[in-house]
Amino acid sequence: PPGTWIEWSSGAVLKGPARAERSFGLDEIPVYVRAGAIIPMQPKMLHTGEKPADPLILNVFPIGGPQLSSSTRIYDDAGDTLGYKKNEFTWTEVRETQRSNSTKIEILPVIGSYPGMPHQRGYEVRLPVSWPPQSVTFNGQKVPFSHDFATPGWRYDGDRLTTIISLPKQPVTSKVELTIAFPQLPESLLQGAVGTIAGVKRAM
């Protein structure tokens, strides 16, 4: 289709409309994401009701083309009742703004409510196809580099070329604002590099 698309497994960038022939390993699933997409996910669970979706995982893809911003709205409800028919649900808007070598991500306060909704929530923001950041700030405060998954902070997955930012629990009624400054390096060097790294590891 028209637009700029990112191949999730490899980080390759494709422009549409076009017809492409691609190769994948048996452990890869060909998924294409529109540039600038914000995809919410949850931690691994045995079933949806095992535990709350905390932290909320946000995959924020780089913006391609002339646009400078993108956004999405995340829907949530109790999940085990018909309360959504009585307006018992919430929307959370997430915005991404890109300027030169920096990206700003805003998670706005929730709108609405439902019984049993969480009043606090942690966030894990992932930026695929990115360089390691020069700095990360959260609501104006510097976010430190973290060496493990247990400590809030930012880290870099070199195999996936992904910046991962773990934030402590925040009231869902508060706005969250992240600013990530990246080095001024050519983004073209990142395109397809994840697939190259995976291919080399598979061959070895």
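Predicted model: local features only at pLDDT ≥ 70, side-chain atom pairs only at ≥ 80, totals over all residues.
Which residue forms a salt bridge with E7? The partner is R22, and the closest N and O atoms of the pair are 2.8 Å apart, where a salt bridge is a side-chain nitrogen of Lys or Arg within 4 Å of a carboxyl oxygen of Asp or Glu.

Residues are numbered from 1 along each chain as its sequence is written, and side-chain values use heavy atoms, with hydrogens and water left out.

By the salt-bridge rule the count comes to 11. Among them is the pair of D27 and R202, with an N to O distance of 3.3 Å. This pair links distant parts of the chain, 175 residues apart, with D27 in the loop between β2 and β3 and R202 in helix α1 (residues 193-203). R126 and E124 also meet through their side chains in a salt bridge, at 2.7 Å from N to O. Salt bridges that share partners join D27, E28 and R202 into one network.

The table gives relative accessible areas, with buried meaning under 20%, exposed over 50% and partly exposed in between (1.4 Å probe, protein chains only).

| Residue | Relative accessible area and class |
|---|---|
| E7 | 2%, buried |
| R22 | 39%, partly exposed |
| D27 | 62%, exposed |
| R202 | 44%, partly exposed |
| R126 | 24%, partly exposed |
| E124 | 12%, buried |

Terms used:
Helix = DSSP H or I, 4+ residues; strand = E, 2+ residues; numbered from the N terminus.
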